Amino acid sequence: MDQIMAGDGGFPLETWFWEMPICTRWWTTATVVMSGLVQCKLLTPFQLFYSYRAVFQKSQYWRLLTTFLYFGPFSIDLLFHVYFLQRYARLLEESSGRSPAYFSWLLVYAMTSLLLLSPFVSMPFLGHPLSSTLVYIWSRRNPDTLMSFLGLLVFRAPYLPWVLMGVSFVMHGTVPRDEIMGVVIGHIWYFFNDVYPPLHGGSRPLDPPMWWRRLFEGRPREEETANGMNNELAAAAAEVAPPEVR
């Protein structure tokens, strides 16, 4: 019995679930639940896809979210998508710091961009291009990481999106528009967060606004703010003080 239990007394699956960062955890959960509801015929895919007319003329606003949560019925393909979603969303969220404000803002940016582009490419379900966006950003931020495809092809992480495009093209015989959309949106985010700031005095135009950060982090307490300012003033005074005064 002890062998199937985690070290802290919980099941390994439960431990894996609660170790995920909060945004990745609930996005993964919602994806599995949505497929389960469709599998049980409590919902249909026709109630979930994004349509401008259905959302803004019929007030079916839930489609703005469900289009990112449905990857299809239970199948190997669904497991593949959930694996990529969970893996790369988790890596990006963990690297963005303890606060979920930055990663959630990335999701808002990517989801908004995909919703704006969707009518031009006739793509009703947007979960796959959203996952592709995260995969692209992670791959560009980890240029030295080695990847392996089926144990045969070894390549560095920046080539991962292009390998996935090639696999998709071979399997389906069509141009992977969802992958291309993810790469374009991901590259814009990567450029303005990793390339642009060092060239423009640290300016980061796609960082979350302060009101968004306060939703997750709350307002800093007055004592902490005052202590921080006093410490900064003391440090600045120490730097400019003459040696005999120090």
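This is a predicted model: local features need pLDDT of at least 70, side-chain atom pairs count only at pLDDT 80 or more; totals for chains, interfaces and linings use all residues.
Trainee: Let's begin with the charged pairs. How many salt bridges does the structure hold?

Mentor: There are 3 salt bridges. In general, side chains of opposite charge can pair when their charged atoms come close.

Trainee: What makes glutamate 94 and arginine 90 a salt bridge?

Mentor: The closest N and O atoms of glutamate 94 and arginine 90 are 3.0 Å apart, and the cut-off is within 4 Å, so the pair counts as a salt bridge.

Trainee: And how are these two residues placed in helix H5?

Mentor: Helix H5 covers residues 76–95, and glutamate 94 and arginine 90 sit 4 residues apart in it, which means about one helical turn separates them.

Trainee: Why is arginine 90 called buried, and what is glutamate 94 called?

Mentor: Arginine 90 has 18% relative accessibility, and buried means under 20%, so arginine 90 is buried. Glutamate 94 comes out at 43%; that lies between the 20% and 50% limits, so glutamate 94 is partly exposed.

Trainee: Which residue meets arginine 141 in a salt bridge?

Mentor: Aspartate 194 does, with 3.0 Å from N to O. This pair links distant parts of the chain: arginine 141 lies in helix H7 (residues 127–141) and aspartate 194 in helix H9 (residues 177–199), 53 residues apart. Arginine 141 is partly exposed at 33%, and aspartate 194 is partly exposed at 30%.

Trainee: Which residues of H6 and H7 meet?

Mentor: On the H6 side they include Phe103, Leu106 and Met111, and on the H7 side Pro129, Leu130 and Ile137 are among them.

Trainee: Last, the cysteines. How many disulfides are counted, and is cysteine 23 buried or exposed?

Mentor: The count is 0 disulfides. Cysteine 23 has a relative accessible area of 16%, under the 20% limit, so cysteine 23 is buried. Cysteine 40, at 57%, is over 50% and therefore exposed.

Methods: Residues are numbered from 1 along each chain as its sequence is written. Side-chain values use heavy atoms; hydrogens and water are left out. A disulfide is a pair of cysteine sulfur atoms within 2.5 Å. Buried means under 20% relative accessible area, exposed over 50%, partly exposed in between (1.4 Å probe, protein chains only). A salt bridge is a side-chain nitrogen of Lys or Arg within 4 Å of a carboxyl oxygen of Asp or Glu. Contact means heavy atoms within 4.5 Å.
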